[in-house]
Structures are given as structure tokens and as C-alpha cells.
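Please look over the sequence and the 3D structure shown below, and keep both at hand while you read. The report that follows goes through sheets, helices and aromatic rings in turn.

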Amino acid sequence: MPTPVKMPRLGESVAEGTIGAWLKQEGDYVERDESLAEIITDKINAELPSPVAGRLTKILVKPDETVPVGTEIALIEESADVNATPSPAAETPPAALSDAKGSGIVEKKVESLVPGTHNGAHAIDTATAHTREEERQRISPLARRLAREHGIDLNDIAGTGAGGRVRKEDILAYLEQRQSAPQYSAPVATAPAPAPVSRVEASQPVSPASTPVATTSVGEDEELIVPNRMRLAIAEHMVRSKRTSPHATTVVEIDMTNIAKWLEKNKEDFKRREGYGISYVPFVMKAVCEGIRKFPLMNSSWTEDNKIIVKRRINLGMAVATDAGLVVPTVYDADQYTLAGLAKQVNALAQRARANKLTIQDMQNSTFVVNNPGTFGTIISVPIINQPHAGILSMDAVVKRPVVIEDDAIAVRSMMYLCLSFDHRILDGAGAGGFLQAVRTKLQSYGREIDVY
């Protein structure tokens, strides 16, 4: 019986995914964990590994088709049956071809041809099949797709991968070089050309060929933009979140003076010593973990059958802004880390997110999200819940301002607002306020000397 391949859940809040491209075709042999298809969601682009070794017998979902998580998208006949009657074009599985160097396989096939014999046509077809297969191996699937969507001749690209393999990075470098070159630009009356593609955005570009004919009327002083897949998916998720959860919001003010002074004094030495930086984010994450321990309903989800699931593990999602959009990778078991350990995790996830190197594991199983718009100088921000979480916390900019302290004295302190959006089905104001109070108490408990280890 064929093994079904299902649309994976690439993120706790992701309810559906889009087939960006099939990397294998019906009849192809696949190894276990070999990439089958490119999956696109509002959070991540990833290559889907095969759950078993065998032959891909049926593709059930077409490219660019969006289906719910758990939908069967393909069928694979496992290895016991795949060697029954191999087709000529599939005599050498892709895994074996990946070890071929240069064009040796094709050359040997061509040399063995004897013109005029009854095997000539079959041998030519076999050689052609091997040529195509070898060409496929020379170019990574994402690079091939980028080249196709941007109208790039792959013969113009020098591959930097093993054996001259053309990678996504090679396509991006070529695009950047082409876009930086001076070009004559005549006035046009149609939709504008797409913006330069960044490395993070490149796996889901909007190409001129894919831009539909505009049906919306725009004036001479207006510009029509066609959103890419990620932006459309984010839009859908935000609308669904507002429609699903009755959002309520509460804000507290935190005195971050002691933490601010410690960072000012120690962050450069910390970075030289550890090789990565430390900021306010690990301190807030640590405090959030403390708040969740005291108010575990903040680490829960509302189910479709009107029940509440409380999560035992505290896996904090960390909102990261990239050129392509917002992604939320996960710090697993965040409550088990020291401040220095959290700083290391935050730095590693942010780097992978901005380099478009997040894995499927990075994007799954978060239970609560910490957002940091304060890095852009915001004072108060009201976030939208990342479904199906019970809440999301935004930390805004730490700003020096005069405040009233003990004995009605006025002093300049480093202050920050924390803004909590929560699902009012799960929590009321008392629970949300108690959680924020626990977070504030933890943050304001640090003295001038802080042990981050």
C-alpha cells in the first residue's frame, strides 16, 4: 500500500501550505529524507523531505495550490516494490547520479552508440535522459526556480557549489549585479517592475512574468504593487487571528534603569568574550518565563471543541523582522536557559532568519511570543496574537525620562512599556494583569551587578 505524504505544519500557527514546486516527478525514485517539494507558508519556505524511500507514484496537489495542513499531497510506493520494472529513464536513481563528476556518464553512453543498430534510438533517449538528470543535479531546485521566475539563462551563471553546482546564492548574486548595473529606463504606463530581491525574500519573488494584468484602476500618481506569497499569507493569518480570538490589551511601565546601566557597562566586553551580543530581549524572555510559571494559562491554547490546552514546556517564539516579512522562530525550553544562554539562542535564530536558513524545527511548537518593535524606536505597540497562542507580548523602546520615585522625588530613569495582547476567551484582565505584574517584578528586581550566567 502506498505511503501518503501529507502537508506538514510549518509553524504552530500555520493552518495551510502552498506547493511552490515539485522537486521530483511521478515515477522518480526518492531516498528517505530526500527533498520532494518546496513548501511555502506565511512563516517559512522549506523543502519537504520524503518520509520513506521508494518511487513517487502519484502527485495529488499541483504547484501553486494551497491546501490545509494534513492534506495528502503525494503517494510513495516503498522500496520493496520499486525495483520491479524500472523505466529506461529511471535506470539510475537521482541519488546515484549525484556522485557523478562532470559529464562522464553522458560521454560513456554516447561512445557506446552504434549508428544504424536497432538499439540506437533507445540509447539516444537514455543518453538524453541522463543528460537532463545530470543537469538537474547540477542546479539546486531553488536556484532553478529563481532562474525561471527571473528569466535568467543558467548558462550565464557560474556555480560556486560542489562540482560547479549552481545554488540559490549564485542566482541572488547575479541578480544583485544585474540590478546594480546602470540601465536605460523608459517611461512605462503598466505596473512597475518588482523591487530588488533580497536574500531573505528571494525564495518567493514576484517576477514580471507572474504579475497579472492589473484590474484595479490606478492614477498617474499611484503605484500598483502585487504582494508576494509571504505577504499574502501573512495578511490571511492576521485577519484570521483577529477573527478567531477576541483580543484584549493591557500595558505596564517598567523601570529598566539597572538593566540599562549594566548593558551600557558590560555589553561590549560580553560580546568580545562570547562572540555574540546581549540586549534587553533575553531579560524580558527570562521574566516572561517567570510570569508563565505563575500564570500557566498564558501558555495555553483554545481548542475547536471549546477546551483549553495548557502547555507544560515554555517554548518562546521570537518575532524577527526580515526584508520579506515577519517570521517567528522558536526558542525551545526557554525557561531552562541563563540570560547568556538566551542571548546566544536569540542571536542564532535572528541570524538564520535574516539569511533565510530557518529549518522546519525552528518554526514549530512555540507556545508564547515575545516581540521587540522597540528596536525601531516604538513607544507603545499593540500586537496581534500568533494563533493559536493565548497571548503575545511587545517590548517597546527603553527611553530615559523624568519619573516620580520614592518620597515624591523626580529622577531620570530608563523606562519601557510592555504591551500584552491576550485571548479573552482564555484570560480575563486579572490574569493578564497578574502575569504582567510578575514580569515587571522580575525585571525590576535586578540590581547594579547582574550575573548573566
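Two strands are said to pair if DSSP finds at least two bridges between them, and the strands themselves (E, at least two residues), like the helices (H or I, at least four residues), are DSSP runs numbered from the N terminus. By this rule β1 and strand β8 (residues 72-78) pair in the antiparallel sense over 4 bridges, and Val5 has Ala74 in β8 as its bridge partner.

The model is predicted, and for this reason local features need pLDDT of at least 70 and side-chain atom pairs count only at pLDDT 80 or more, while totals for chains, interfaces and linings use all residues. Residues are numbered from 1 along each chain as its sequence is written, and side-chain values use heavy atoms, with hydrogens and water left out.

**The chain as a whole**

The chain holds 10 helices and 19 strands. Of its 453 residues, 43% are buried, where buried means under 20% relative accessible area, exposed means over 50%, and partly exposed lies in between (1.4 Å probe, protein chains only). A contact is counted when heavy atoms lie within 4.5 Å, and among the contacts in the chain with a separation of 6 or more, 65% are between residues 24 or more positions apart.

**Two open sheets**

The pair of β1 and β8 belongs to an open sheet of 4 strands with the order β1-β8-β6-β3 and antiparallel pairing. In this sheet β1 (3-6) and β3 (29-30) stand at the edges with a single partner strand each, so one side of each has no neighbour in the sheet.

Another open sheet, also of 4 strands, runs in the order β5-β4-β2-β7, again with antiparallel pairing. Its edges are β5 (45-49) and β7 (66-68), and each has a single partner strand, so one side of each is left without a neighbour in the sheet. Neighbouring strands here are turned by 40° against each other on average, direction ignored. Strand β4 (residues 35-40) is joined to β5 by 5 bridges, and Glu38 stands opposite Glu47 in β5.

**An enclosed strand**

How many of the 5 residues of β17 are buried? The count is 5 of the 5, so β17 is largely enclosed by the rest of the structure. Gly391, Leu393 and Met395 point one way from the strand, whereas Ile392 and Ser394 point the other way.

| Strands | Bridges | Direction | Opposite residues |
|---|---|---|---|
| β16 and β17 | 3 bridges | parallel | Val369 and Ile392 |

The contact is made by Val281, Pro282, Phe283, Met285 and Lys286 of α8 together with Leu339, Leu342, Ala343 and Val346 of α9.

Among the buried residues of α9 are Leu339, Leu342, Ala343 and Val346, and the elements that cover its buried residues include α7, α8 and β12 (316-318). Just after α9, Asn356 takes a positive phi of about 60°.

The expected span of a helix is 1.5 Å times one less than its number of residues. For α9, with 16 residues, the reach from first to last C-alpha is 23 Å, close to the 22 Å expected.

**Aromatic rings**

Rings of Phe, Tyr and Trp (its six-membered ring) pair if their centres lie within 6.5 Å, and planes under 30 degrees apart count as stacked, over 60 as edge-to-face and the rest as tilted. This rule gives 5 aromatic pairs. One of them is the edge-to-face pair of Phe283 and Tyr446, at 5.5 Å centre to centre and 90° between the planes. Phe283 lies in helix α8 (residues 280-294) and Tyr446 in the segment after α10 (429-443), so the pair ties together parts that are 163 residues apart in sequence. Phe283 is buried at 0% relative accessibility, and Tyr446 is buried at 12%. Together with Trp262, Phe283 and Tyr446 form one aromatic cluster.

Terms used: Axes are lines fitted to C-alpha atoms, for helices over the stretch in contact, and angles run from 0 to 180 degrees between N-to-C directions.
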